[in-house]
Structures are given as structure tokens and as C-alpha cells.
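Please study the sequence and the structure before turning to the solutions.

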Amino acid sequence: MSTKAERTTAYIIETVAPVFNKHGYIGTSMSDLTEATGLTKGALYGNFENKEALALAAFEHNSKRLLGAVEERLGTSGTALERIFALTDFYRHYNDFNEDMGGCPVLNVGVDAKHNNAMLSAAVRETIKTIEGKIALVLENGVNTNELRLPVTPLQFAKQLFTMIQGAVSMATMTGDRKYLLNTVAYLEQLVKKELKN
């Protein structure tokens, strides 16, 4: 059973994670955080050393949720292609998943932190590397079982695949037009089927 302090810390992180994700590190004020949590500034700082530590914990919370969802899709039973398509289908409905998070944490925090928070920026890069690694593992297994043939290394293909997905997420977010994401996912599925099937 968790202690009251642990429950308070978890409540703070869960409550401020979408606030930081929507408004960014610089754009989120302490008053935004006290208003969202209903706690005083002192109570927040009693649980976290500073705003940066709280922002990092908030990103890690959202990142963990995203990585869990990606892992769940890639870990489904079936062929390597079916597992890749489970991932592309997840991204087809990605806005449903990330709506309560305040949008895509990789995109939002990645862009926001690039020039103003080295620690957050590094955490985003680590999340990206982890997702690419999980995709590469599925592709590598597909190659090893003679199901797939790849024109490049599994990691290189995984990076290209995720780049296209994340680019589509970016365009759909910036324009408010989900077709960027839907059309890119449909194109990727055709490309993967055509290029990789052995």
C-alpha cells in the first residue's frame, strides 16, 4: 500500500502532466500548476525540488504511457507484419489516445524543450530511441524468420518508419487536419506490404 506522500506525488504528476504537455516548460507557470492541483506552491515544492524536476516527472509519466501503448501493439501475437500494422493502426487513432495527455508528448515536449531545457530534451530523445528500438526488434525478428526482407538494417528502417509517422503527427497537429496522419499511415501500410514482404 502506498503512503500518503506517495499518493500525493502521484496525484501531482498525473494532474500537471497534461498542463506541461499543452503549455510547455516555459509557458507553464507555478500558478497554472497550483490551480490545476489545488495545492499551494509550498506543497508542490515539498514533493519536487523545482519546476524542472516536476516537468521531467510529468514527461516521464506521459512517456511511460506512450511506451506502454507502443509495446502493447508491437507485442501482440501474430506475424511481424501484423505487429507493425497494429502499431500503424494505433497511430491512425493516436489523437484518441493522447487527447487527455494534451497531445503528443514526443512532439510537444520535444519541440518545446529543444532550446530551453536540456534535461527534458534528452528525455524525449531517449523515448524516441526506445520506440525505434522496439520497432527494429519486430523487424529483425521478421527477417530472422524469413517473413520480411529489408532494403536496409532493421534499425534504419525503424527510424524511417517512425520519422514518417511522427512527421504526420506533427502536420496533423499543426494544421488540425487528421488526413495528414490517416493518409500517411495508409501509405506506410502499403509501402511496408510491398517493400518488406518476402
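Lys and Arg count as positive and Asp and Glu as negative, while His and the chain ends are not counted. The place of a charge is taken as NZ of Lys, CZ of Arg, CG of Asp or CD of Glu. The model is predicted: local features need pLDDT of at least 70, side-chain atom pairs count only at pLDDT 80 or more, and totals for chains, interfaces and linings use all residues. Residues are numbered from 1 along each chain as its sequence is written, and side-chain values use heavy atoms, with hydrogens and water left out.

**Exercise 1.** Determine how many positive and negative side chains the chain has.

*Solution.* The chain carries 21 positive and 22 negative side chains. The centres of these two sets lie 3 Å apart.

**Exercise 2.** State how many helices and strands the chain contains.

*Solution.* Helices (H or I, at least four residues) and strands (E, at least two) are DSSP runs, numbered from the N terminus. The chain has ten helices and zero strands. In sequence order, the pattern reads α-α-α-α-α-α-α-α-α-α.

**Exercise 3.** Locate K159 in the chain, and decide whether K159 is buried, partly exposed or exposed.

*Solution.* K159 belongs to helix 9, which covers residues 154–175. Buried means under 20% relative accessible area, exposed over 50%, and partly exposed in between (1.4 Å probe, protein chains only). The relative accessible area of K159 is 37%, and therefore K159 is partly exposed.

**Exercise 4.** Find what share of the chain is buried.

*Solution.* Of the 198 residues in the chain, 42% are buried.
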